[in-house]
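Here is a protein to look at together. Keep the structure open while you read, and find each residue as it comes up.

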Amino acid sequence: MAAPLEIRNSASGKIFPALGSFLMAAIFGFYMLKGLSMGAPGGGVFMVALLALGFAGLGLFIARGAFDTRVKVVLDQRGFRDARAGDVLVPWQKVRSVWLASGRGAAMLNFELTEVPPDEIRYAPANAFGLLPFGKTTVHMEVSSLDVSAEEMVDAVRKFAPHVEVRR
């Protein structure tokens, strides 16, 4: 029996996007200070300050995932589960095919199921960061922020569920 593949957040997959938010916060913070020193109207300076705080908060929200060492996704001989979206086991018997879609710096592993995904997946509050239902029987798993490559995950699917069709 093969050991399960336990996948966690990638530190670099979380820190680098957070740096962009921190950079935007610094830019808006600079213009806020410049506006204050030049005597700009308070409403405009206040809006720029809100943008700076918003980007700083977004950066902190994204960066905190880099320090979360809990297991996010598990693939084993029974099926797969994503703690980011309902943490419900989807048995391999319910998976028809899997394929990798990537572009614009993001990678998604798509699972075509034989039936509608469980409600825990479809209505999970954290679905924006995990499994996303698409259509009636397809779910997308965001994998670009995880510490295992999408190709390694496809190889694990081949190992644990040889009956699942791997599409390109």
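## Strands side by side

Start with Leu-75: its bridge partner in E3 is Phe-80. Keep in mind that you're looking at a predicted model. The strands involved here are E2 and E3, which run antiparallel and are joined by three bridges. To get from E2 to E3, the chain goes through a hairpin of three residues.

Now step across to the next strand. E3 and E4 are also antiparallel, with two bridges joining them.

Zoom out, and you can see an open sheet of four strands, ordered E1-E2-E3-E4, with antiparallel pairing. Which strands sit at the edges? They are E1 (5–7) and E4, and each of them pairs on one side only.

## A helix across the sheet

Next, find helix H4. H4 lies across E1 and E2, and its angle to E2 is about 35 degrees.

## The nonpolar core

In soluble globular proteins, nonpolar side chains tend to be buried together. In this model, the largest nonpolar core has 27 residues. Which of them touch the most other members? That would be Leu-75, Trp-92, Phe-111 and Met-153. So Leu-75, the bridge partner of Phe-80, turns up again here, and a core residue is by definition a buried one.

H4 gives the largest share, with six residues.

Leaving out residues up to four places away in sequence, its contacts include Phe-80, Trp-92, Val-95 and Val-98. Thr-137, Thr-138, Val-139, Met-141 and Val-157 are on the list too, among others.

## Charged pairs

Side chains of opposite charge can pair when their charged atoms come close. How many salt bridges does a search of the whole structure find? The count is 10.

Arg-84 is worth a look, as it takes part in two salt bridges described here. One is with Asp-82, at 2.8 Å from N to O. The cut-off for buried is under 20%.

The other partner of Arg-84 is Glu-142, with an N to O distance of 3.1 Å. This pair links distant parts of the chain: Glu-142 is in strand E8 (residues 138–142), while Arg-84 is in the loop between strand E3 (79–82) and strand E4 (90–91), 58 residues apart. Both Glu-142 and Arg-84 are buried.

Another salt bridge joins Arg-167 and Glu-112, whose closest N and O atoms are 3.9 Å apart. Here too, the pair links distant parts of the chain, with Arg-167 in strand E9 (residues 165–167) and Glu-112 in strand E6 (residues 106–113), 55 residues apart. Arg-167 is partly exposed, with a relative accessible area of 31%, whereas Glu-112 is at 17% and therefore counts as buried.

Finally, look for Asp-68, Arg-70 and Lys-72, which are linked in a network of salt bridges.

Conventions. Residues are numbered from 1 along each chain as its sequence is written. This is a predicted model: local features need pLDDT of at least 70, side-chain atom pairs count only at pLDDT 80 or more; totals for chains, interfaces and linings use all residues. Side-chain values use heavy atoms; hydrogens and water are left out. A salt bridge is a side-chain nitrogen of Lys or Arg within 4 Å of a carboxyl oxygen of Asp or Glu. Buried means under 20% relative accessible area, exposed over 50%, partly exposed in between (1.4 Å probe, protein chains only). A nonpolar core is a set of buried Ala, Val, Leu, Ile, Met, Phe, Trp, Tyr and Cys residues joined through side-chain atoms within 4.5 Å. Contact means heavy atoms within 4.5 Å. Two strands pair if DSSP finds at least two bridges between them. Axes are lines fitted to C-alpha atoms, for helices over the stretch in contact, and angles run from 0 to 180 degrees between N-to-C directions.
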